[in-house]
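Morning, everyone. Let me put the model up, and then I'll walk through it.

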Amino acid sequence: MSATILIIDDEPKMAGILKRVLTKQGYEVVTTSKPEQGLTILQSQPVQIILCDLKMPGMDGIEVLERAKQIQPQAEFIMMTAYATAQTAVESMKKGAYDYLIKPFPLDELKILLARVLKTKTLQEENVRLREALVDKFHFDNIIAESKLMQAVLARVAKVAPSDASVLLRGESGTGKEILAKAIHQASPRKDKPLVTVNCSAIPTTLLESEMFGHVKGAFTGAVETRKGLFQSADGGTIFLDEIGEVSPAVQVKLLRVLQDGKFQRVGDTVPITVDVRLITATNKNLEEAIQQGAFRQDLYYRLNVVPIYIPPLRERKEDILPLIEHFAKKFHRPGKTVTYAPETIDLFLAYDWPGNIRELENAVEHAVVMGESQQILPCDLPLALHTFYSKQELALSTPIHEQMTLADIEKRWIINALRKTNKNHTRAAKLLGITRRTLGYRLQKYVIDLDKI
Ligand SMILES: Nc1ncnc2c1ncn2[C@@H]1O[C@H](COP(=O)(O)OP(=O)(O)OP(=O)(O)O)[C@@H](O)[C@H]1O
Ligand SMILES: [Mg+2]
């Protein structure tokens, strides 16, 4: 990194010596003996490091430091002083100086200090650049993350992406495991190399091994020619193994080896092939249970689970619902057809518990755009599951209380309401209703309330 150093010292001789030495070192050096002029220079050109004397007529080093920080806050400041007292040193450090030097100082000390400053700066700049690249990438990839929960997920993604660590993505179906796997790859140094996705549950067990690792001619019936596997296609890049819980013990052994030393063998071959692949896996299965049952290798699990990322279901991050609707509405927008959502449709979107998560919401929006008859989307324009949920909720809650209702009808409705609000937690529902848990139990029996239908 070539850097510009500004030297401010009222002794022109001192400034001259430093300039000569540092220019030889490859630095761009600007000197001045007047503090005011130093500040003018800062206003007109970028400087990485400022070397400034403490005692100068007109303006002292501390004031220069304060004003310099306002003009170029990222420029590192080194105070030089012949009168070092602990106090002035502490004061300048407090005001943001990087370090200080006591005159006269050996030139080697200065060189080492400058090298250290530049190293810190390079690292800082690298960090900023990476962070900016990530932010851009996420916008680019259109990941909606309005909720705190998703923000935390993205922060984890941003942290792990630049490394080679294996990531295990977990979450219910449709929560966005694949889109995040792509985001990790895109934000990694491997982004210009391939990202190969393998859906382990979609490929028959008997074929999965040869799909992943390739085979040689004659390895099995039907292997008419030698073929390279997906791992080899992903060399230098990332491989995303979706539904990792579905892989056979034979494939598990091979995966373990690839993770351990980057080597594998084609089916029917003995020659090891070496690859450099980063592994991202995903599952919505309980792998810990599979380990207990002996269906999944524990040693492999540890290797895959270096950085676990859990994506919460949509019902736990309802703040994401409206931004997602907007996002998908844009995606499925048809020229000439403007659609709006009726308030009850929005309420329904927010009340529904989305067992199919984002994918279900995406489908609902597409369905509405295609099937909606009027400009305004009504609950009846939505897929059946949502529509049914709406009708059930309507019957139980939204019909106004009318004179034909008995007290029991109304009581039943309130009980259902409380159970819904508390996610069917009996203790909390009873508390909400101001009755004991036991009384709630009696009422559920009395009114034959089917909990599964709530
Ligand atoms: N945060 C998000 N912002 C925008 N779109 C999203 C988001 N999360 C998921 N999606 C979209 O929702 C759909 C489902 O996501 P994805 O395929 O990544 O889920 P998944 O967890 O892999 O699901 P499955 O377990 O069923 O394979 C995709 O079309 C994806 O683009
Ligand atoms: Mg998926």
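I'll take the sheet, then the helices, then the ligand.

Some ground rules. This is a predicted model, where local features need pLDDT of at least 70, side-chain atom pairs count only at pLDDT 80 or more, and totals for chains, interfaces and linings use all residues. Residues are numbered from 1 along each chain as its sequence is written, while chains are lettered from A and ligands numbered from 1 in the order in which they are written. Helices (H or I, at least four residues) and strands (E, at least two) are DSSP runs, numbered from the N terminus.

The sheet, then. It is open, with 5 strands in the order β2-β1-β3-β4-β5, paired in parallel. Pairing takes at least two DSSP bridges between two strands. The edges are β2 (28-32) and β5 (99-102); each has a single partner strand, so one side of each has no neighbour in the sheet. On average, neighbouring strands are turned by 20° against each other, direction ignored. Look at β3 (residues 49-53) and β4 (residues 76-81): they pair in the parallel sense over 5 bridges. Leu51 stands opposite Ile78 in β4.

Now helices on the sheet. Angles run from 0 to 180 degrees between N-to-C directions, and axes are lines fitted to C-alpha atoms, for helices over the stretch in contact. Helix α2 lies across β1 (4-8) and β2, at about 160° to β1. Helix α3 touches β1, β3 and β4, and its direction makes about 155° with that of β3. Contact here means C-beta atoms, placed from the backbone, within 7 Å.

How do α2 and α3 pack together? Helix α2 (residues 35-44) and helix α3 (residues 61-71) pack at about 10°, axes 10 Å apart. They are therefore roughly parallel, a label for angles under 35 degrees. On α2, the contact uses Pro35, Gly38, Leu39, Leu42 and Gln43; on α3, Val64, Arg67, Ala68 and Ile71.

Last, ligand 1. Which residues come nearest? Of the 17 around ligand 1, they are Ile144, Ser173, Gly176, Lys177 and Glu178. Being near means a C-beta atom, placed from the backbone, within 6 Å. Helices α7 (177-186) and α15 (357-371) each supply at least two residues of that shell.

Notes:
Angles under 35 degrees count as roughly parallel, over 145 as roughly antiparallel, 65 to 115 as roughly perpendicular and the rest as oblique. Two residues are in contact if their C-beta atoms, placed from the backbone, lie within 7 Å.
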